[in-house]
Amino acid sequence: MGEKITLSIIKADVGSIAGHHMPHPDQLAAATKILAEAKQKDIIIDFYVTHVGDDIQLIMTHRKGVDHPDIHGLAWEAFKSATKVARELKLYAAGQDLLSEAFSGNVRGMGPGVAELEMEEREAEPVITFHADKTEPGAFNMPIYRIFADPFNTAGLVIDPKMHDGFIFEVYDVFEGRSVLMKTPEESYDVLALIGTPGRYIVRRVYRKSDNLLAAVVSVERLNLTAGRYVGKDDPVAIVRAQHGLPAVGEILEPFSFPHLVAGWMRGSHHGPLMPVPMRYAKVTRFDGPPRIIALGWNISRGRLIGPVDLFDDVAFDETRRLAETIAEYMRRHGPFMPHRLGPEEMEYTTLPSVLEKLKDRFVKTEEAKVVKKHSDLLSH
Ligand SMILES: O=C(COP(=O)(O)O)[C@@H](O)[C@H](O)[C@H](O)COP(=O)(O)O
């Protein structure tokens, strides 16, 4: 057995410039300083700090396995430091995603989003990390399904003997906090029956069936469910391993050529197209969006992060971006109406219920005559 390396992405929104747009460079520098010191002390092997929209992304490699208090504590410290900068500069929503003052061993349930994948490095270990803003973890359901279970997307499912048996999906129910393992292709329709409800059922992990190799991990934290109130959107991340018996990089990127509708966007309350963008466009503007995603390509070499390459920085995705803009325009024309605005179940976790609360005593039973009388009484005052 070779050495095990863990790739951890821990992300949080701890304040940004000009609303929920993007972090200040000094915040990224503060987080970088903390991780650089940890690298010097051999707590982590390597790291990279970036952002998508207003979310700071800590990408780290280490030998400590998933959910390790040293790694989570380090991320917490980096976010605290970036929050301090945000407070000094009076940035917007300083410390937004840090739901607790004190760290208690693990950032899960404390606000930040987490995707961690422990691996035995293959001879070459190509990996893609995805980072999204203004959307929820279920936004990954459709692309992950297409990558690992749709032969019209992934030719390797048909052609490559190592993939031909299919993959095992772990689907997580965010409301019940439990998950189920399901096999594709044989249980594909059952998988789809669940993950077509992306606000509740989220693909959390995918394993290659032939040898149980862990191929993908998605962050499943739903910030508003954790906080019990509207805080911001979850802005999920994912790690997908590529090539040599796994989907090729091009097969992993392919589903993102369709800018599918996801929940999030303005006030976490609207459906909009997920737009794949290069890092330089990883900041939201129009109606605080549209929701965006970047894809960073890496090779992991004895834990060293070789990269990133900015995978959506390609004219091949120009048409997708144009289509996303057209869809954004179409959806925007609906204003406050569904299906642009989310449905009532999803709106439960936004600020709308407090508006509706004000109206609750003004509803009257619809017995026509009495209603007309009551209205005429009200109007005559
Ligand atoms: O979705 C949004 C922020 O989500 P985020 O923090 O990026 O997860 C924004 O659209 C805000 O909801 C919007 O700008 C209003 O913000 P507040 O004035 O309520 O802070």
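In the predicted model, K39 forms a salt bridge with D46, the closest N and O atoms being 3.2 Å apart; a salt bridge is defined as a side-chain nitrogen of Lys or Arg within 4 Å of a carboxyl oxygen of Asp or Glu. K39 is partly exposed, at 34% relative accessibility, whereas D46 is buried at 10% (buried, under 20% relative accessible area; exposed, over 50%; partly exposed, in between; 1.4 Å probe, protein chains only). The model is a prediction in which local features need pLDDT of at least 70 and side-chain atom pairs count only at pLDDT 80 or more, while totals for chains, interfaces and linings use all residues. Residues are numbered from 1 along each chain as its sequence is written, and side-chain values use heavy atoms, with hydrogens and water left out.

A search of the whole structure finds 30 salt bridges. One of them joins the side chains of D54 and K134, with an N to O distance of 3.4 Å. D54 lies in the loop between β2 (46-52) and β3 (55-62) and K134 in the loop between β5 (125-133) and α3 (141-149), so the pair ties together parts that are 80 residues apart in sequence. Helices (H or I, at least four residues) and strands (E, at least two) are DSSP runs, numbered from the N terminus. Both D54 and K134 are buried.

A salt bridge also forms between E176 and R200, whose closest N and O atoms are 3.7 Å apart. This pair links distant parts of the chain, 24 residues apart: E176 is in the loop between β6 (167-173) and β7 (178-184), and R200 is in the loop between α5 (188-195) and β8 (201-208). E176 is partly exposed at 48% relative accessibility, and R200 is partly exposed at 25%.

The unreviewed UniProt entry places the feature "binding site" at H20, K134, R267 and D288. These positions are spread over 269 residues of sequence but cluster in space, with a largest C-alpha distance of 10.1 Å. UniProt positions follow the numbering used here, feature names are shortened, and annotations may be inferred rather than shown by experiment.

R267 is found in the loop between β11 (261-264) and β12 (270-273) and is exposed, with a relative accessible area of 58%. Not counting residues up to four places away in sequence, R267 touches Y230 and T350, a contact being heavy atoms within 4.5 Å. D288 is found in the loop between β13 (275-276) and β14 (292-301) and is partly exposed, at 25% relative accessibility.
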